Amino acid sequence: MHVHVGRHRAASCAWAAHVAGDYVSGLQLLPALGATALGPTAGAGGGGAGVSAGCAPAGLLVSTADGALTLFDIRGTRSSSSGSGSGGGGGGGGGAGVQRLASVSCGSTLRCCVADGSAALAGDEAGCVQLWDVGRVAGGLAAVREGGPGPDGLYAPWEGEEAGGSAVCGLDVYGVEAGEEGGAAGAVRVAVVTEGGRLVLLEA
């Protein structure tokens, strides 16, 4: 009997779903929807987003080239026994326990995204950072920013002059405690990388 010993292990599909009809530029698994917020209280050390190790995700954020941010509830996938779901048509919407909760158009091609259960940030082709209140659109009451978002859950985009209008290709976020690194209470700093290779740190 021949036994093959190697470093590579074949991966099996736990579940699958059709979530977009256009090029997917970014995705982020989310913890319990509405339970956390980007900033000082998000994760260990006050920064970062997404799902902690050992924590089953509740949602999925997808950014696409047509400028859409779409939020899915994927809690139903925990009981799915196969990855045969293919979902619906072009807009994406299901299969294998995936439920489309909401979608918003940001008006410009999106290049990347990062999120937690309360807020989503996306970098676009025009060099702006879009902020979407996913906690509110998922049924939460607390707003991410004072004054609340527009009817579609979007806040006014952050436009960093230092980015020079170049497309935002990648971003990350962390919170700053009052007095820390000269930051104001509740300030959020967003690191963005532009198409020209420039790294810019924005604060809001």
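## A partly exposed cysteine to start with

Let's begin at Cys 169, which is partly exposed at a relative accessible area of 34%; here buried means under 20% relative accessible area, exposed means over 50%, and partly exposed lies in between, with a 1.4 Å probe and protein chains only. Cys 128, by contrast, counts as buried, at 11% relative accessibility. Cys 169 takes part in no disulfide, and the nearest cysteine sulfur, that of Cys 112, lies 7.0 Å away. The structure as a whole holds zero disulfides, a disulfide being a pair of cysteine sulfur atoms within 2.5 Å.

A word on the model itself: it is predicted, so local features need pLDDT of at least 70 and side-chain atom pairs count only at pLDDT 80 or more, while totals for chains, interfaces and linings use all residues. Residues are numbered from 1 along each chain as its sequence is written, and side-chain values use heavy atoms, with hydrogens and water left out.

## The overall picture

The secondary structure comes to one helix and eleven strands, and from the N terminus on the elements run β-β-β-β-β-β-β-α-β-β-β-β. These elements are DSSP runs numbered from the N terminus: helices are H or I with at least four residues, and strands are E with at least two.

Of the 204 residues in the protein, 40% are buried. The protein exposes about 10400 Å², of which carbon and sulfur atoms supply 51%; accessible areas come from the Shrake-Rupley method with a 1.4 Å probe, and for residues only the protein chains shown count as cover. Among contacts with a separation of 6 or more, 60% are between residues 24 or more positions apart, where contact means heavy atoms within 4.5 Å. For a pair separated along the chain, look at Ala 17 and Gly 97: they are 80 residues apart, with their C-alpha atoms separated by 8.3 Å. Ala 17 sits in the segment before β1 (24-30) and is partly exposed, with a relative accessible area of 25%.

## An open sheet with β5 at one edge

Four strands make an open sheet in the order β5-β6-β7-β8, with antiparallel pairing. Two strands pair if DSSP finds at least two bridges between them. β5 and β8 (158-159) each have a single partner strand and stand at the edges, so one side of each is left without a neighbour in the sheet.

β5 and β6 form a hairpin with four residues between them. Five bridges join β5 to β6 (residues 120-124), and the two strands run antiparallel. β5 is mostly covered, with five of its six residues buried.

The largest nonpolar core has 16 residues, of which Leu 121, Val 129, Leu 171, Val 190 and Val 192 touch the most other members. Such a core is a set of buried Ala, Val, Leu, Ile, Met, Phe, Trp, Tyr and Cys residues joined through side-chain atoms within 4.5 Å. The elements that give two or more residues to this core are β5 (110-115), β7 (128-132), β9 (168-176), β10 (187-194) and β11 (199-203). A second, separate core holds 15 residues, including Leu 61, Leu 69, Val 104 and Ala 122.

Asp 73 pairs with Arg 75, their closest N and O atoms being 2.6 Å apart. Asp 73 counts as buried at 9% relative accessibility, whereas Arg 75 counts as partly exposed at 43%.

Glu 125 forms a salt bridge with Arg 111, the closest N and O atoms being 2.9 Å apart. This pair links Glu 125 in the loop between β6 and β7 with Arg 111 in strand β5, 14 residues apart, and Glu 125 is partly exposed with a relative accessible area of 33%. Arg 111 also forms a salt bridge with Glu 195, with closest N and O atoms 2.7 Å apart. Glu 195 lies in the loop between β10 and β11 and Arg 111 in strand β5, so this pair ties together parts that are 84 residues apart in sequence. Through shared partners, salt bridges join Arg 111, Glu 125 and Glu 195 into one network.

How values were computed
A salt bridge is a side-chain nitrogen of Lys or Arg within 4 Å of a carboxyl oxygen of Asp or Glu.
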